[in-house]
Amino acid sequence: MADPKKRKRRSQPKEGKLPQSHVMLIPSIVSYWHQRYSLFSRFDDGVLMDEEGWYSVTPEAIAAAHAERASAYVHCGRSLVLDGFAGVGGNAIQFASRGCHVVAVDIDPRKVEFAVNNAKIYGVDDRIDFVIGDFFHLAPFLKGDVLFLSPPWGGPSYRHLDNYTLDFLKPKDGYSIFQQAQQITPNIIMFLPRNVDVNQVEELSWLSSPPLNFELEENRVQSKVKAITAYFGDIASR
Ligand code: MGP
Ligand code: SAH
């Protein structure tokens with residue numbers, strides 16, 4: 001007869017492995033699960049994510065660098081950072097951790113529920129106002145010292161394109177998003193795919209007269225390029 005203890009041990013997921021049930025349900029997140037501590041260092045404290053959250057959240061070190069840049073430009077204790085597409089809170093949490101007050105908007109109520117949970121884990125929920133809503137509807141009523149934009153890229157298949165043009169951004173193309181953003185503040189941070197057409201991104205700075213300062217930054221985790229960040233306005237270094 002089989003030893004019941006052995007059977008039980010075999011059915012337990014090994015440390016660091018995604019439980020089998022999750023693999024069967026959403027195979028697309030397996031590679032992100034393996035990166036979970038680079039996404040949220042406090043993952044084991046109860047971080048919550050849905051499928052889109054898994055593949056879209058900004059890795060913590062990159063979000064911390066965005067927040068450091070913002071806090072070099074604005075005095076966080078007296079400033080407001082708007083996160084127009086806040087997801088499960090990866091960026092909002094890091095801005096708030098620097099002492100900034102954050103308004104975090106997302107159209108999906110479940111994302112906002114998870115972002116609230118995640119912000120509590122990091123002890124910064126008191127510095128974030130969470131709003132369920134459409135960035136494009138709310139934008140005319142929003143003000144902020146810095147606007148952070150991390151819109152949907154159209155899913156993980158973005159990486160198969162040789163040249164990711166701004167037309168692929170969702171729910172509207174990059175020009176429309178940027179036009180709307182400029183009504184709020186010229187100090188804009190945009191988190192974009194690593195294969196984005198950088199000439200098009202630079203053209204966004206010409207939509208203003210005089211053109212906005214502009215700077216691009218490659219974002220790496222353990223030397224692998226994950227994404228590109230564009231800084232516009234006073235927050236850009238030139
Ligand atoms: P990736 O290229 O899907 O993952 O996303 P990875 O692990 O680099 O893929 P690999 O198999 O080539 O190694 C890299 C990072 O881009 C993610 O961790 C997210 O921060 C960001 N990202 C990816 N997508 C699909 C989105 C998106 O749709 N929206 C936003 N805002 N960020 C995304
Ligand atoms: N930076 C975030 C990830 C953002 S993913 C993080 O680190 O967690 C992009 C988010 O945009 C998704 O959560 C999606 O629900 C949201 N979104 C899509 N359309 C939107 C809209 N019109 N207004 C506000 N949020 C929107």
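User: By class, how many nonpolar, polar and charged residues does the shell around ligand 1 have?

Analyst: This is a predicted model, in which local features need pLDDT of at least 70, side-chain atom pairs count only at pLDDT 80 or more, and totals for chains, interfaces and linings use all residues. Residues are numbered from 1 along each chain as its sequence is written, ligands are numbered from 1 in the order in which they are written, and side-chain values use heavy atoms, without hydrogens and water. The shell around ligand 1 has 10 nonpolar, 5 polar and 4 charged residues; Ala, Val, Leu, Ile, Met, Phe, Trp, Tyr, Cys and Pro count as nonpolar, Asp, Glu, Lys and Arg as charged, and the others, Gly among them, as polar.

User: Which residues come nearest to ligand 1?

Analyst: A residue is near a molecule if one of its heavy atoms lies within 4 Å of it. Of the 19 residues around ligand 1, the nearest are Y32, Q35, V57, S150 and Y158.

User: Which side chain has an N or O atom 2.8 Å from an oxygen atom of ligand 1?

Analyst: A polar contact is a pair of N or O atoms within 3.5 Å. The side chain of Q35 provides the 2.8 Å case, while a polar backbone atom of V57 is 2.7 Å from an oxygen atom of ligand 1.

User: Which residues are closest to ligand 2?

Analyst: Ligand 2 is surrounded by 23 residues, with T58, N91, D106, D134 and F135 the closest. D106 places a polar side-chain atom 2.7 Å from an oxygen atom of ligand 2, and N91 places one 3.0 Å from a nitrogen atom of ligand 2.

Technical notes. Polar contact = N/O pair within 3.5 Å; in protein donor to acceptor, adjacent residues only side chain to side chain.
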